[in-house]
Amino acid sequence: MEKTYHPEKSGSFIGRHARRKSEVATSPITSDVCDASYADTAWRETVEQVDDRDADEISLSIDQFTSTLYSIDRKSSPPDVPKDAVETFSKIIESKIVKYYSTDSGNKFGKTEEEDARFLESVLRVFKLTSAFGDFEAASVKTTSLDRMSVVLQRAMVFLEEEFRGLLEGPTDEDTMKEESDRCTLHEAEPNKGEPEFPGIARRNAFAEALRCTEFNWVTIEEIQRMQWEALEGDISRWISAIKRCAAVLFPGERSLCDAVFSQNRAISIGLFSNLARAVIIQFLNFVDAVVLTRRSAEKLFKYLDMYEALRDLVPSIEDGASEESGGELRSEISAAGDRIGEAAVYIFCDLENSIKGDAAKTPVPGGAIHPLTRYVMNYLKYAGEYKDTLEQIFQTNHILAGSLSSTTKSDKTHNLDKSPSPFSMQLITVVELLDENLEAKSRLYRDPSLRYIFLMNNGRYINQKIKGSTEILQSVGDTWYRMRSTAVRQYHKNYQRETWGRLLQCIGHDGCQVNGKVYKPVVKEKFKNFNTLFEEIHKTQSTWVVNDDQLQSELRVSISAVVIPAYRSFLGRFRQYLESGKQSEKYIKYQSDDIELMIEGLFDGNPNSMGRRRT
């Protein structure tokens, strides 16, 4: 059966609970003797070192006498005390205490488990003996031996209290033994009536000391509101480190300590841990509330998600050790704080739509290169993909809020997906399609239709690479939707090729080159001349254009060569013989097939001087 614990308000925690029930009113020990036992340490100098080889025999004698006291029905007059045994046993205990107090680290309490166990058994034996005398009338038990045992018991209890205090005020694990110069104060929760006051306060102070290694300092809401993001970001990182340390090391260590010290009273262990956990966690949650109240901005999203995950992982560390009532309250408060962070994260992520819609730049990117908005949005989404599971959870919880914040127009593409997308997947798709619309509008800033398609190809290819490169994003949007996007980029490629090289191929068509079955040289000359002029113009212009992706650049050059080179080679082979015999043939036949191929290789380098070298 567990003992009911009744803390008093005296100065000594262990001492006040070691006194027997009649001590205050009837103890043969005067208050002066009791106080002296606490304050006086001179007795250690006069303690006689005794041989404890007969300790077991003496212990048996003490136990037998104690049993005799308990077996007497009439409590008016106890039997004679075995003075020699009591005196020798008292000297053995005092000698052991002095040994524990010595500077030799090998003799310290806690170093030898077997010796410590024997010492505690001896103290308990004296306690039982003095308690047995407590049932007798006060006038009948005034003996020198009882006074001697009471003093020894008090000295032992003082020593044990010091050890207990050191245990409670010490760190939970070796990693937290470092001394730090930073101040870290935990505000104390009001202790419960059933909680021993000293252990609770001592452990809170020790816990605060253990948190110093994380360098996290408690700050007020007003201080957080005034912070620049760079400084607040550092505080959030330290807050996350502190939370993770509590979840992984400090709370489990604290639970083990409480269970070990109060192994005989589970209620005290649970009460101490519950109150300490609450005092610490409330301060952590106050920090969360202050951070959520700051102005929302895109760069804060990922720190918010880190905080959300840290709180989520904190819950299991308190579930086993806290009381049902306290644990339930803490779980609810942690969950509520997580919900506030999650709601802020949804607001920030959905605001990405407004950022895209608001980017209405009127100046085109030179050379049709990747637009900065594309890079920003896709890198943001790629980083968000690393938090996929967390974002899925947050958006599922806040799906009504997300629906109200997000664009209400859904593309027809989303109606043909393999499965119904989750709220987060739907938001990803919406953001990418809004980016597509924005890029489509920006492409109209280019006067050259060919450059417009190069711009859309560059950006479309970049978007697809980012999606494919992130397993999490690809899983969210699905293969079907991704294939639709790839098809759109291929269509840009076809449109570009038709717009640019279709016109060039018309220059070397065979129509009109023969009249009445004979080659009509003026038409052939004009076709060569037009081809040369248009090809040089295309090459001069498109050599300055930019295709960022090496694979796309290679695909474009290969596809251009595949349609231009065979057509030019055929035209040249069919009509060159009619011009080479005449004057100024090089004016019309300026390029060989290899020259054309070499010049195509110089396209999309972003280099205005890339004219290529004609082969001779």
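Select A322 and show its neighbours. In this predicted model, A322 touches I270, F273, S274 and G327, leaving aside residues up to four places away in sequence.

Now colour by secondary structure and find where A322 sits. A322 is in the loop between α13 (301–319) and α14 (324–358). Is A322 buried or exposed? Its relative accessible area is 9%. Buried means under 20%, so A322 counts as buried.

Draw the C-alpha to C-alpha distance from A322 to L276: 9.5 Å. In sequence, A322 and L276 are 46 residues apart.

Next, go to F604. This residue lies in the segment after α26 (593–600). Check its backbone: what is the phi of F604? The angle is positive, about 65°, although F604 is not a glycine. With a relative accessible area of 1%, F604 is buried.

Zoom out to the whole protein. Helices number 26, and there are two strands. How many of the 616 residues count as buried? The share is 48%; A322 and F604 are among the buried residues.

Show the accessible surface. The total comes to about 31900 Å². Carbon and sulfur atoms account for 48% of that area.

Last stop: contacts across the sequence. Take contacts between residues at least 6 apart in sequence. Of these, 79% join residues at least 24 apart.

Note on methods: Residues numbered from 1 in each chain as written. Predicted model: local features only at pLDDT ≥ 70, side-chain atom pairs only at ≥ 80, totals over all residues. Heavy atoms only, no water. Helix = DSSP H or I, 4+ residues; strand = E, 2+ residues; numbered from the N terminus. Buried < 20%, exposed > 50% of the residue type's maximum accessible area, 1.4 Å probe, protein only. Contact = heavy atoms within 4.5 Å. Areas by Shrake-Rupley, 256 points an atom, 1.4 Å probe, with all protein chains shown as cover.
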